[in-house]
Amino acid sequence: MELSEKRSRTYLVSIVMVAILGGLLFGYDTAVISGAEKGLEAFFLGADDFQYDYFLHGFTSSSALIGCVIGSALSGLLATSLGRKRSLVVAGLLFFVSALGSMMPEAFFFEQGVPTLSLLLTFNVYRIIGGIGVGLASAICPMYIGEISPMKIRGMMVSWNQFAIIFGQLVVYFVNFIILGEHTQPIIEEISEDLYAVTADSDPWTITTGWRYMFGSEAIPAALFAILVCFVPESPRYLVMVGKDDEAMRILSRINGRCRAEKIMPNIKETIKVKTEKLFTYGWMCIFVGIMLSVFQQAVGINAVLYYAPRIFHDMGMVDPMVNTIVMGVVNIIFTLLAIFTVERLGRRPLLIYGSIGMAIGAFGVAVTFGHDGLEMITMMSIMVYSASFMFSWGPICWVLIAEIFPNTIRGAAVAIAVAFQWVFNFIVSSSFVPMFNMHLTPDDDFGHWFTYGLYGVVCIIAAIFVWKLVPETKGKSLEDMTKMWSKR
């Protein structure tokens, strides 16, 4: 066995760049529906054997989230039985199958271009398959990056996964824009109560073809990810768990250098006495902290901004809501980079606490100013503060902590549970925002506006207190230190 005398930063960066493609696909898959949903709705409104209504469209637009919960719940089992690397290959294949299936759901079973209830069910099955891939990637990508990265830069490396998620969302916005080109989204009008139809002057190309290209475009990065993952090494921690010590030592040496690897290896072996331990071996607080990190990441309400930004900016009276949305996306990228380059210097806890306070200020600012004439710019700036504060704190840092806070022997199962809670609360927040935002005590009041963002502001304050009181700082600690830390609690 040849051991590298010096560490190879290029080798590590190339591995992480491949792994974060999973994060990019995560963002791509969850955001592709934003450009495709209008054409998709118009297509199924043409069905003769059933009435495609708002309920069915809402389910179809969010069905991938069902798969996300399933995938994240299965991630621990797969990460432990197949390994981190092969589980990521599975995720890539699921992304690929979902992209092609969503593009051509008629393949093999149905007449091309004829909307039916069976075709709608088949389409949703393909979207759920893609969601399972998202769920797997959302749990295993940060876990894999955390396990393979050196201690001193682990937080920064895992944070790149969040950057890839946000970047993937921006990429698909531009891809959808390019695919649409000179074509226009279909116009849907209400012809009677609870009955909608596509107007005769709607662009037929977007109804029959445009949405298909948008979903199909994901097949290219999905195939690239599935192929490239085959060439990255397995996590050294997993290799030790399955008794492949020599291979683990070789990878550790190439990433850390031989001298450092010889110090790391005994610590890994000491904390991995058996392949698995019971989930609560290290107490309930360990699991509780991981779950609540995931819950707060969603309960602070960020997806109410990310998923509904055009609607919010439109309700504010902005001339071009999509331009404001893109500006917000660029701000999100900048502040995610801020987290990446400060997480190892400032630590995890301070960034989460500062971010929670910033989000609370932004949320309360929106609650107080939304809907008041002359205060539109203050409302918009409050939304930007709210979103930017999330991007340098709860966005990337939650993934960092989930990847590193659990002991080696329960990491797979514990991460799976934490991420499953994240997707459940993602669905709760996303599905509750519109009805909460539009609540009224009287016909003309803005109760829903200030209540919704006021509630998010309160949750942000509770999140800051939770981090201050219960979340341990993991900066400068090895993954093996987590075992010792939770054993003492």
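## Salt bridges in this model

A salt bridge is a side-chain nitrogen of Lys or Arg within 4 Å of a carboxyl oxygen of Asp or Glu. By this rule, the structure holds seven salt bridges. Let's meet a few of them.

This is a predicted model, in which local features need pLDDT of at least 70 and side-chain atom pairs count only at pLDDT 80 or more, while totals for chains, interfaces and linings use all residues. Residues are numbered from 1 along each chain as its sequence is written, and side-chain values use heavy atoms, with hydrogens and water left out.

## Asp29 and Arg127

Start with Asp29 and Arg127, whose side chains form a salt bridge with an N to O distance of 3.6 Å. Asp29 belongs to helix α1 (residues 9-31) and Arg127 to helix α6 (residues 117-148), so this pair ties together parts that are 98 residues apart in sequence. Helices here are DSSP runs of H or I with at least four residues, numbered from the N terminus.

Are these two residues buried or exposed? Both Asp29 and Arg127 are buried (buried means under 20% relative accessible area, with a 1.4 Å probe and protein chains only).

Now look at Glu404. Its salt bridge with Arg154 has the closest N and O atoms 2.5 Å apart. Because Arg154 lies in helix α7 (residues 154-180) and Glu404 in helix α19 (residues 394-404), the pair ties together parts 250 residues apart in sequence. Glu404 also forms a salt bridge with Arg348, where the closest N and O atoms are 2.8 Å apart. Here Arg348 sits in helix α17 (residues 348-369), 56 residues from Glu404 in helix α19.

Arg154 counts as buried at 1% relative accessibility, Glu404 is buried at 1%, and Arg348 is buried with a relative accessible area of 1%. Together with Glu344, these residues are linked in a network of salt bridges: Arg154, Glu344, Arg348 and Glu404.

Terms used
Helix = DSSP H or I, 4+ residues; strand = E, 2+ residues; numbered from the N terminus. Buried < 20%, exposed > 50% of the residue type's maximum accessible area, 1.4 Å probe, protein only.
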